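Subject: Structure handover and notes

Dear colleague,

I am passing on the structure below, together with my notes on what was found in it. Please read the notes with the model open beside them.

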Amino acid sequence: MKIKIDLHTHCFEAIGIFSPESVTPLTVEKIIDSVKRKGLDGIAITEHYESYFGFVAQKIVAEYFDNQVLIIPGHEIYYRRRHTVELFLPGNTVFRFLPHPMDDQIENDFDFGKLHGIEINNSQYNQSMDKPRIRALAEKHNLILLSNSDAHNLNDVGYYYNEIDLDDLINRVRHHTESKVNDC
């Protein structure tokens, strides 16, 4: 079943929460409200370098909000000097994608064999992204094209989003021979 989901957000940064101890049902409710206002079914929470926020938010949404929206834990990290987003999907599955690809040299110094997707739309960097080149990279490396907000403000959540079946993301990883948890 296809859902509407933004797979690249920095929600806790957006509301000024930088400590895991500050994540509460009240702060998560602000995120849920933003997701619902945009008509999305869910989001991935991909704070910089820290997946804890997404896992805690996912637990709070289940415990306090009856899973009103889907939360996928993730993080945005550096892998080989490039930003990379990792999403932690069911079944110990890690889906990786390249966010906001802009560097002309990326083809020469990045291991695309570790990726499953690439952003074609990103609300923070869209004007700087070479869409024909990104499409060519996606085709060459069999990457799914993604559209995400990269929201650093709750009002920007869902500016771009994907209509996708999560099973398609999981199956893409399972059929990719180099995808294993923690291999980056």
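Does Asp-130 count as buried, exposed or partly exposed? Asp-130 counts as partly exposed, because its relative accessibility is 34%, where buried means under 20% relative accessible area, exposed means over 50% and partly exposed lies in between, with a 1.4 Å probe and protein chains only.

Before going further, please note that this is a predicted model, in which local features need pLDDT of at least 70 and side-chain atom pairs count only at pLDDT 80 or more, while totals for chains, interfaces and linings use all residues. Residues are numbered from 1 along each chain as its sequence is written, and side-chain values use heavy atoms, with hydrogens and water left out.

Overall picture

The protein contains 6 helices and 8 strands, which are DSSP runs numbered from the N terminus (helices are H or I with at least four residues, strands are E with at least two). Read from the N terminus, the order of these elements is β-α-α-β-α-β-β-β-α-β-α-β-β-α. The radius of gyration is 16 Å, which agrees with the value near 16 Å that a compact globule of 184 residues would have; the radius is taken over C-alpha atoms, and the globule rule is 2.2 Å times the number of residues to the power 0.38. Along the principal axes, the C-alpha atoms fill a box of roughly 45 × 35 × 30 Å.

Of the 184 residues, 52% are buried. Among contacts (heavy atoms within 4.5 Å) with a separation of 6 or more, 68% are between residues 24 or more positions apart. The protein exposes about 9000 Å², of which carbon and sulfur atoms supply 46%, the areas coming from the Shrake-Rupley method with a 1.4 Å probe.

Salt bridges

Side chains of opposite charge can pair when their charged atoms come close. Taking a salt bridge as a side-chain nitrogen of Lys or Arg within 4 Å of a carboxyl oxygen of Asp or Glu, the count comes to 3.

One of them joins Glu-86 and Arg-96, at 2.8 Å from N to O. This pair links distant parts of the chain, with Glu-86 in strand 4 and Arg-96 in strand 5, 10 residues apart. Glu-86 counts as buried because its relative accessibility is 7%, and Arg-96 counts as buried at 0%.

Another joins Glu-63 and Lys-59, at 3.9 Å from N to O. Both residues lie in helix 3 (residues 52–64), 4 residues apart, which is about one turn of the helix, and both Glu-63 and Lys-59 are exposed.

Arg-133 forms a salt bridge with Asp-130, where the closest N and O atoms are 4.0 Å apart. Arg-133 is buried, with a relative accessible area of 18%.

Just after helix 5, Asn-142 takes a positive phi of about 55 degrees.

In helix 6 (residues 166–174), the buried residues are Leu-166, Leu-169, Ile-170 and Val-173. They cover an arc of only 95 degrees around the axis, so they are on the same side of helix 6. The elements covering them include strand 1 (2–9), strand 3 (70–79) and strand 8 (162–165). At the start of helix 6, a side-chain oxygen of Asp-165 comes to within 2.8 Å of the backbone nitrogen of Asp-167.

Two buried residues

Asn-148 is found in strand 7 and counts as buried because its relative accessibility is 0%. The side chain of Asn-148 reaches the backbone nitrogen of Leu-7 at 2.8 Å. Leaving out residues up to four places away in sequence, Asn-148 touches residues including Asp-6, His-8, Glu-119 and Tyr-160.

Gly-54 lies in helix 3 and also counts as buried, at 0% relative accessibility. Apart from neighbours within four places in sequence, Gly-54 is in contact with Ile-45, Ile-71 and Pro-73.

Terms used
Arc of directions from axis to C-beta. Polar contact = N/O pair within 3.5 Å; in protein donor to acceptor, adjacent residues only side chain to side chain.
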